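Morning, everyone. Please have the sequence and the structure open while I talk. I have two topics, and I'll keep them brief.

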Amino acid sequence: MHEHMKRKHVVTDEGETSARKKQLTMSEFVQRRNPPCTPQQAAIVTDVILNMFVTDMRPMSMVEDEGFKKMVGTLNPGYILPSRTHFTKLMERKYQEAFQKIKSAINTTNSRMALTTDIWTSVATEAYLGITCHYIGNDWKMTSVCLTTMPPEDRHTSTNIAEWLEEVAVKFEIPSEKICAIVHDNGSNIVAAAKLLEEKHGWSSIRCTGHTLQLVINAALKNTGIQRAVGAARCLVEHFKKSEQACSKLKDKQKQMGTPEHKLVQDVSTRWNITFYMINRLIEQRWPVTATLSDPSLTHRDKRYLDLKPDQWSLLEELCTALKPFECATVFMSGQKYIIVSSLPPLVKGLLKSTEGAAYDSASVKSFRVTAVEQLQNRWKETLFDQVDNPVVLSSALDPRFRRLKFLSPEQIITVQAKVQAKALAARREMVQQQITTSTIRTAAEPSTSLLDSLLESGGSSDEESREEKAEEDLNTLIRNEVLAYFGERPLAKEENPLDWWRDNKDKYPTLAKLAKSYLCIPSSSTPSERLFSAAGNIASKKRASLSPEHVDMLTFLHSNSKFWKSE
């Protein structure tokens with residue numbers, strides 16, 4: 001009876017009996033279970049898709065791809081996928097919302113800020129000027145935002161670059177006195193532009209530490225012996241990269257010799273630290289590589305020259321030792337989420353000390369050492385050796401980790417401390433003036449003194465002058481004591497966060513805390529603006545070479561500032 005009922009009297013959803021129903025397909029099942037989207041549900045799905053485009057830097061033309069349409073239709077059959085034009089309009093609207101939030105965040109902070117800038121060319125041969133902004137918020141956290149990846153419409157002259165930077169500051173309503181510095185690379189046009197802005201607005205011009213270190217190493221690596229050894233190492237690595245059989249044999253040798261099973265690193269001529277990684281990895285794999293090359297079944301006699309000579313291996317080992325401190329400094333200086341600029345003076349001094357004190361057997365590496373020392377001294381001569389009262393050294397003085405200024409001479413330490421005291425006094429006077437202005441506004445409606453009293457005191461009273469002199473003297477004493485107490489404290493441990501220390505001690509040193517925000521916010525390199533081009537490079541890809549520069553700017557802006565617009 002049970003089998004008969006299953007075959008002949010199937011109960012349907014309507015409670016009626018009928019012949020056995022046909023099994024539902026997957027599409028019919030999904031459609032049966034998913035009613036059409038409500039407008040609210042459709043808006044949520046559309047927003048999620050738009051966020052995916054921005055976060056993953058996918059082309060909005062994906063909405064026209066058959067595979068994407070089928071996937072969305074399967075996941076939510078009731079959802080009607082909008083057009084590419086619709087998503088573009090939504091992206092423009094989201095850009096405007098994010099722009100207003102960032103402008104508001106910048107305008108509400110009382111801290112001064114620093115800019116970084118760089119120029120990049122896309123695969124569509126269109127130039128872009130990237131600008132980022134960095135400041136320390138009221139919570140004593142470093143905040144970094146992308147301001148623009150704008151397409152310059154004129155020649156990249158120093159005057160034009162300076163004007164574009166000013167235009168971006170005006171666009172975000174950033175007063176010129178609120179910008180303390182601009183960090184840039186060593187390009188002659190950007191250096192000249194920064195000089196113009198320094199003379200006009202007082203924005204300190206700071207050259208990118210990473211780019212400067214690149215120039216230092218490039219000059220030191222031009223020794224003939226080093227170039228030959230590095231060139232031979234490059235050819236050796238290229239041989240393994242092109243031969244799958246050699247790579248397979250190398251893995252076998254690594255297992256036999258107990259060597260780490262690492263792949264060889266290929267050199268990139270534009271980045272010296274990749275050269276270091278190539279040499280370091282090659283030295284690590286020296287014996288498996290040599291054993292692989294000595295196998296006659298893999299290496300023909302005319303290819304035996306690929307193996308390096310003993311003196312070349314020795315030179316590369318010494319060169320790797322010489323480059324290691326520079327690689328460590330480069331990696332550290334490329335950071336963005338911790339305070340770096342204050343570390344530059346002691347770091348450069350440390351590089352000088354380690355390079356000068358190193359002993360090498362190879363004449364080529366000795367030449368490298370001499371050239372590196374000369375380059376370090378010349379390229380940071382003005383910043384660290386001649387004019388010590390500059391923003392970089394002042395940032396070290398206001399970093400509790402380096403406030404003893406051990407990298408300076410006693411005379412230079414006195415000069416820097418005096419400069420900090422003068423800056424603190426000016427900042428305190430500004431704070432007092434703001435309080436007086438506020439007090440004047442509040443008392444403007446109060447009854448004024450009589451006409452006779454005002455006439456009698458028109459020349460100023462001796463009591464008033466005495467009060468002003470005493471107030472000035474008290475102010476000087478207050479600042480002097482604050483500065484002396486700060487520099488008299490023990491330095492903070494190197495691994496500690498100076499911003500956390502200032503957050504805990506801002507009431508103890510109120511004037512210096514305000515001053516610290518103006519200097520510790522400065523990045524040491526233009527890496528933040530260069531990172532914009534990593535995002536922009538994915539956005540302005542070959543598949544999207546026709547994307548308008550304005551939309552590249554908007555997408556990069558949204559991608560880089562996601563924390564300002566993404567919902568929790």
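Let's start with one side chain, Arg-503. Keep in mind that this is a predicted model. Arg-503 has a relative accessibility of 32%, so it counts as partly exposed. Which residue forms a salt bridge with Asp-500? That is Arg-503, with the closest N and O atoms 3.3 Å apart. Both residues sit in helix H21, residues 498-505. Asp-500 and Arg-503 are three residues apart there, so about one helical turn separates them. Asp-500 is partly exposed too, at 24% relative accessibility.

Arg-503 also meets Asp-504 in a salt bridge, at 3.5 Å from N to O. Is Asp-504 buried or exposed? Exposed: its relative accessible area is 57%, and the cut-off for that word is over 50%.

Now move to helix H11, residues 272-284. Here Glu-284 and Arg-281 meet through their side chains in a salt bridge, 3.6 Å from N to O. Why about one helical turn between Glu-284 and Arg-281? Because the two are three residues apart in H11. Glu-284 has 33% relative accessibility, which makes it partly exposed. Arg-281 has 23%, and it also counts as partly exposed. As a general point, side chains of opposite charge can pair when their charged atoms come close.

Go to strand S6, residues 179-184. How many of the six residues of S6 are buried? Six of the six, so the rest of the structure largely encloses this strand. Buried here means under 20% relative accessible area.

S6 has strand partners. One of them is strand S3, residues 113-121. S3 and S6 pair in the parallel sense, over four bridges. To find the spot on screen, pick Ala-114; its bridge partner in S6 is Ala-181.

Another partner is strand S7, residues 204-207. S6 and S7 run parallel, and four bridges join them. Look for His-184, which stands opposite Arg-207 in S7. How does the chain get across from S6 to S7? Through helix H7, residues 188-201. That β-α-β crossover is right-handed.

To recap: Arg-503 has salt bridges with Asp-500 and with Asp-504. S6 pairs in parallel with S3 and runs parallel to S7. Thanks, over to you.

Note on methods: Residues are numbered from 1 along each chain as its sequence is written. This is a predicted model: local features need pLDDT of at least 70, side-chain atom pairs count only at pLDDT 80 or more; totals for chains, interfaces and linings use all residues. Side-chain values use heavy atoms; hydrogens and water are left out. A salt bridge is a side-chain nitrogen of Lys or Arg within 4 Å of a carboxyl oxygen of Asp or Glu. Buried means under 20% relative accessible area, exposed over 50%, partly exposed in between (1.4 Å probe, protein chains only). Two strands pair if DSSP finds at least two bridges between them. A crossover is right-handed if, with the strands pointing away from the viewer, the path from the first strand over the helix to the second runs clockwise.
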